[in-house]
Amino acid sequence: MPETGNQISHAVIAGAGIGGLTAALALAKKGLTVTILEKSDPVRTDGAGIQLSPNASHVLHALGLADALAAVACTPDAVIVRNGASAKEIARIPLGETISARHGAPYLTVHRADLQSVLIDAVGNESAITLRLGAELSGYEETEAGVTVTASASTGGIREQADILIAADGLWSNTRGFLGDESPPRFTNFRAWRALVPIERLPHPFSSNTINAWLGPSAHFIHYPVSDGKAVNLVAVLPAVKGERGWNMEHDTAPLKENYRDWPGLDEAFAAVDQWRSWSIFDRSPGGDWGRGRVTLLGDAAHPMVPFLAQGGAMAIEDAAILADAVSHEPTGPAAALKDYEGRRRPRASRVQWTATRNGMTFHLAPPLSTARDVVLSRMSAERLLAGFDWLYSWRADQS
Ligand SMILES: Cc1cc2nc3c(=O)[nH]c(=O)nc-3n(C[C@H](O)[C@H](O)[C@H](O)COP(=O)(O)OP(=O)(O)OC[C@H]3O[C@@H](n4cnc5c(N)ncnc54)[C@H](O)[C@@H]3O)c2cc1C
């Protein structure tokens, strides 16, 4: 049985996504026992690529995952920004050795399923963590002594006593509602389409070891290698009128193909795709409490953002590191520890949310503003481009 009162020795985490799994590993490293409740069985591994910038890979390396990640991830040489109408390179931000040396951790691209497998394997090797699949958090009750978490499962109801409850239950978090915020996430009027293509089917530049961002009015297109260089993740973002829940939607691809018809070269990439899947892009404005007492939100549940800075997963990973630090250092009890975590995370997560939204505006400019953007970007030195991301990528858990 866990200790009660001011002790924090046992945590329940709702959600075995990237945030929940990383938080479990980080808390276990600080000596806690952890139960993860995940409503899916098996854990859902659909989805496509994720970029792990040095701020995120640093946390994962500190958890001992460097070798496992290196086996499945790619280390791209650069981010190349292109004008969609001409395919011309506007700017090149060096990654590879340059960014590793600058920030002490690599910039990786990885298939979401591979990242989740690395985390699930690590959780499986950690005796302090119990992962319960097919267990959906349905409520909780807080007392002075702890928090009693209830979940439904095919094997019957689950009741578990814990010192803290961490809700890493994603964009559509139920726990957010239990905490009093019933408002749904905000549809951003964008839909993302993704496809994974074996690398040998694609010509240059789609097959190169680089992240490419093609920018155009109201739309952009990203591609980068994943799965140890065996596949390329293609993501197209374009306006949409209706948003719907789900990461794996099948839709008529006619609007997608029509939108990019005049972008030179993209037809070659599109021709190699067997199957497009899409998801509507939702976010929330920064603001509002993340938790109360012994309960707090983490990752997308706390701060969902548009993917235009590639930081949704990274922020969930950062949250995990700071949560574990706050819990292990706060002597006055669970509520104070969780407030400390929220206080240390909120300003940064909010800044990243705003920056991601602003990035979308810059990506999607139309002429003549896009011409001005391209001129400014093309005149910036590699050093200046890199310096613009220092605030983001140089983040370290022990300095936050
Ligand atoms: C299926 C899926 C596919 C995705 N695909 C992409 C992609 O292709 N590209 C991209 O950039 N991002 C994708 N994302 C989002 C990205 O993974 C997240 O933005 C980011 O990693 C934040 O992670 P998170 O752990 O906060 O939330 P999530 O990764 O959303 O994880 C939340 C977890 O909580 C579980 N859960 C929800 N409610 C409950 C409950 N009541 N009880 C127990 N468990 C619950 C969910 O099943 C899920 O496993 C995807 C997310 C999912 C779930």
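This section describes a helix pair, the surroundings of the ligand and the position of one valine in a predicted model.

In the predicted model, helix α2, which spans residues 54-62, and helix α9, which spans residues 312-329, approach each other so that their axes come within 9 Å and cross at roughly 45 degrees. The crossing in which α2 passes α9 is left-handed. On the α2 side, the contact involves Asn55, Ala56, Val59 and Leu60, which meet Ala314, Met315, Ile317, Glu318 and Ala321 of α9. The residues of this contact comprise seven that are nonpolar, one that is polar and one that is charged.

Around the ligand there are 29 residues, of which Gly19, Glu38, Ala48, Arg112 and Asp300 come nearest. For alanine 48, a backbone N or O atom is placed 2.8 Å from an oxygen atom of the ligand, whereas for aspartate 300 a polar side-chain atom lies 2.7 Å from an oxygen atom of the ligand. Leucine 137 contributes a polar backbone atom, which is 2.9 Å from a nitrogen atom of the ligand.

Valine 72 belongs to helix α3, which covers residues 66-72. When residues up to four places away in sequence are not counted, valine 72 touches Val110, Asp114, Val118, Ser227 and Asp228. The C-alpha atom of valine 72 is separated by 9.9 Å from that of serine 117, a residue 45 residues apart from valine 72 along the chain.

Notes:
Residues are numbered from 1 along each chain as its sequence is written. This is a predicted model: local features need pLDDT of at least 70, side-chain atom pairs count only at pLDDT 80 or more; totals for chains, interfaces and linings use all residues. Side-chain values use heavy atoms; hydrogens and water are left out. Axes are lines fitted to C-alpha atoms, for helices over the stretch in contact, and angles run from 0 to 180 degrees between N-to-C directions. Helices (H or I, at least four residues) and strands (E, at least two) are DSSP runs, numbered from the N terminus. A crossing is left-handed if the near helix is turned anticlockwise from the far one by less than a right angle, and right-handed if clockwise. Contact means heavy atoms within 4.5 Å. Ala, Val, Leu, Ile, Met, Phe, Trp, Tyr, Cys and Pro count as nonpolar, Asp, Glu, Lys and Arg as charged, and the others, Gly among them, as polar. A residue is near a molecule or strand if one of its heavy atoms lies within 4 Å of it. A polar contact is a pair of N or O atoms within 3.5 Å; within protein, one must be able to donate a hydrogen and the other to accept it, and residues adjacent in sequence count only if both atoms are side-chain atoms.
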